[in-house]
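The structure is shown below.

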Amino acid sequence: MRIGILGSGLMGGKLGTLFARAGHDVVFSYARSEQKLKRLAREAPLDSLRSLGTAQGNARAGTPSEAARDADALLLAVHWSRVDDVLKQAGDVSGKVIVSCSLPMNAGDTDLVIAHTSSGAEALAKKVRRAHVVSAFGTVPSEVLFSVFEARRKAKRPSLVYCGDDEAAKQVATTLIRDVGFDPVDAGPLRIARYVEPFSLLVGQLAYEGDGGPELAYRFERFGKAR
């Protein structure tokens, strides 16, 4: 697929890199500097994979409008305060699949500004009514992405939940989730993001403040069996 990265910071940069290594064509956009975008595009392909003949996509730097223009899917990975700006720069996204991992955080990143009766994903869907929004990747700290990708061929893979209202868009999201190394779990319609996003905030607290580190943030252990 052709994937436009709207927000090439920590999360967008890593996911875009993995999408390229999984065989997709990626356009990195919307970072602090053009130099960072060019570096991400340059470093995304792995020489070791090339030498093994493993299929890889192409990666390049561009503007949000270039990232969106021919994309089969867009990854929205910006701070909530920058959503309107990056969407304005992206231009017309009608009919596009937008996979969002952006939580509706306040300026200090201490709390959600949308919760309980709605979610950031639902608010985003209202901003881009003719696009198809899927909420995914928000429950995974960026630190674990590369190691999960490297272990993606193992039989036991960590699960990753996603939600959305358009079935075709959700199929696109499941492909990307599998390509990164997770087993996709359909949590239901987009309104389920009202419950997923507060959990994602907890994930972040566990990953960056807890003693157990990132592993606690994405892996559940089942004790006993349901009766």
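A residue counts as buried under 20% relative accessible area, as exposed over 50%, and as partly exposed in between. The model discussed here is predicted. Glu 43 has a relative accessibility of 42%, so this residue is partly exposed. Its salt-bridge partner is Arg 39, with an N to O distance of 3.4 Å. Arg 39 is likewise partly exposed because its relative accessible area is 32%.

## Other salt bridges

In the whole structure, eight salt bridges are found. One of them joins Glu 122 to Arg 194, with the closest N and O atoms 2.8 Å apart. This pair connects distant parts of the chain, since Glu 122 belongs to helix H6 (residues 120-127) and Arg 194 to helix H9, 72 residues apart. Glu 122 is buried at 13% relative accessibility, whereas Arg 194 is partly exposed at 26%.

A network of salt bridges links Glu 167, Lys 170 and Asp 186.

## The largest pocket

The largest pocket holds about 990 Å³ of space. Its lining comprises 32 residues, and those closest to the centre are Met 11, His 79, Cys 101, Met 105 and Asp 109. By class, the lining has 16 nonpolar, 12 polar and four charged residues.

Helices H1 (10-21) and H9 (193-209) each contribute at least two lining residues. The most come from H9, which supplies seven.

Key. Residues numbered from 1 in each chain as written. Predicted model: local features only at pLDDT ≥ 70, side-chain atom pairs only at ≥ 80, totals over all residues. Heavy atoms only, no water. 1 Å grid on protein atoms, 1.4 Å probe; cavity = no way out; pocket = protein on both sides within 12 Å on 5 of 7 lines; lining within 4 Å. Points joined across faces, edges and corners; volume = space filled by probe spheres on them. Helix = DSSP H or I, 4+ residues; strand = E, 2+ residues; numbered from the N terminus. Nonpolar A, V, L, I, M, F, W, Y, C, P; charged D, E, K, R; others polar. Salt bridge = Lys/Arg side-chain N within 4 Å of Asp/Glu carboxyl O. Buried < 20%, exposed > 50% of the residue type's maximum accessible area, 1.4 Å probe, protein only.
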